[in-house]
Amino acid sequence: MRGIHSILVAFTLLAFASASDPSPLQDFCVAVKDIKDGVFVNGKICKDPKLAVADDFFFSGLNKPGNTSNQSGFSVTPVAVDQIPGLNTLGISLARIDYAPNGLNPPHTHPRGTEILLVVKGTLYVGFVTSIPDYRLFTKILNPGDVFVFPMGLIHFQFNIGKSEAVAFGGLSSQNAGVIAIANAVFGSNPPINPDVLAKAFQLDKDVVKDLQSRF
């Protein structure tokens, strides 16, 4: 009996050791005690496979340039689960990124996905910053045919240093990798972060913080 008990304990420990939660596919998923309060899932609810059609796995339009006539001079055309329902649960997505001359995809993160970037037109200066304690900066100048990887969750950017438009395609290891634009999140949150907090965090005058908040 002691031997059987030991085996059962071992199997129980193994079950706990191999257990894991699914990767998050949204910012949060608050638990409810009663299903009558609503039905929300981590990701998307699945269609009956018998009802699936070819268009569930199809998207058209990545040959079309995005509109870069904005303050930053860049545009993202996403191809994620909202554009291709068949991507649900497959852990992958794609995006076309267009850059005007001097256009910038500002510092941002993808909290749920690693990104691999392929440049097909123009010249980009790209980089990412590692986490605490080093905050090490990795940068590279990319030309057509060059590829660069931005690890999951790390702050990164792309800047068009060429004299003409640039185009790149980014692959992401999530059906919904998410985007946190650093400046927008910090200075453009809703409601705004207390200026005293940001003034101390960034070592800025409070009036400068208020001015930055007014821009986002």
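# A guided tour of two sheets

Start by selecting Gly127, which stands opposite Phe157 in strand E8. Residues are numbered from 1 along each chain as its sequence is written. You are looking at a predicted model, where local features need pLDDT of at least 70, side-chain atom pairs count only at pLDDT 80 or more, and totals for chains, interfaces and linings use all residues, while side-chain values use heavy atoms, with hydrogens and water left out.

A word on names: helices (H or I, at least four residues) and strands (E, at least two) are DSSP runs, numbered from the N terminus. Two strands pair if DSSP finds at least two bridges between them.

## Stop 1: around strand E5

Over 6 bridges, E5 pairs with strand E8 (residues 155–160) in the antiparallel sense. Besides the pair you began with, look for Val129, which stands opposite Ile155 in E8.

Click on Val126: its bridge partner in E6 is Lys140.

## Stop 2

Select E1, E2, E9, E4 and E7. These 5 strands form an open sheet in the order E1-E2-E9-E4-E7, and the pairing is antiparallel. Which strands stand at the edges? They are E1 (74–79) and E7 (147–150); each has a single partner strand, so one side of each is left without a neighbour in the sheet. From one strand to the next, the twist averages 20° (axes are lines fitted to C-alpha atoms, for helices over the stretch in contact, and angles run from 0 to 180 degrees between N-to-C directions).

Zoom in on E1 and strand E2 (residues 93–99), which run antiparallel and are joined by 6 bridges. Pick Phe74 to find its bridge partner in E2, Tyr99.

## Stop 2

Buried means under 20% relative accessible area, exposed over 50%, and partly exposed in between (1.4 Å probe, protein chains only).

## Stop 3: a patch on the surface

Switch to a surface view and select Ile116, Leu118, Val120, Val147 and Val149. Together they make a nonpolar surface patch of about 370 Å². Patches are made of residues with over 30% relative accessible area and no salt bridge; like charges are joined within 9 Å, and nonpolar side chains (Val, Leu, Ile, Met, Phe, Trp, Tyr) within 5 Å. Accessible areas come from the Shrake-Rupley method with a 1.4 Å probe, and for residues only the protein chains shown count as cover.

E4 and E7 each supply at least two residues of the patch, with E4 giving the most, 3 residues. One to click on is Ile116, which lies in E4 and is partly exposed, with a relative accessible area of 44%.

## Stop 4: salt bridges

A salt bridge is a side-chain nitrogen of Lys or Arg within 4 Å of a carboxyl oxygen of Asp or Glu. By this rule, the count comes to 6 salt bridges.

Select Arg112 and Asp27, whose closest N and O atoms are 3.1 Å apart in a salt bridge. Arg112 lies in the loop between strand E3 (104–109) and E4, and Asp27 in the loop between helix H1 (2–18) and E1, so the pair ties together parts that are 85 residues apart in sequence. Buried or exposed? Arg112 is buried, with a relative accessible area of 11%, whereas Asp27 counts as exposed at 66%.

Move on to Lys44 and Asp82, whose side chains meet in a salt bridge (2.9 Å, N to O). Lys44 lies in the loop between H1 and E1 and Asp82 in the loop between E1 and E2, so this pair ties together parts that are 38 residues apart in sequence.

Finish with Asp56 and Lys47, joined in a salt bridge at 3.0 Å, N to O. Asp56 is buried, with a relative accessible area of 14%, and Lys47 counts as partly exposed at 46%.
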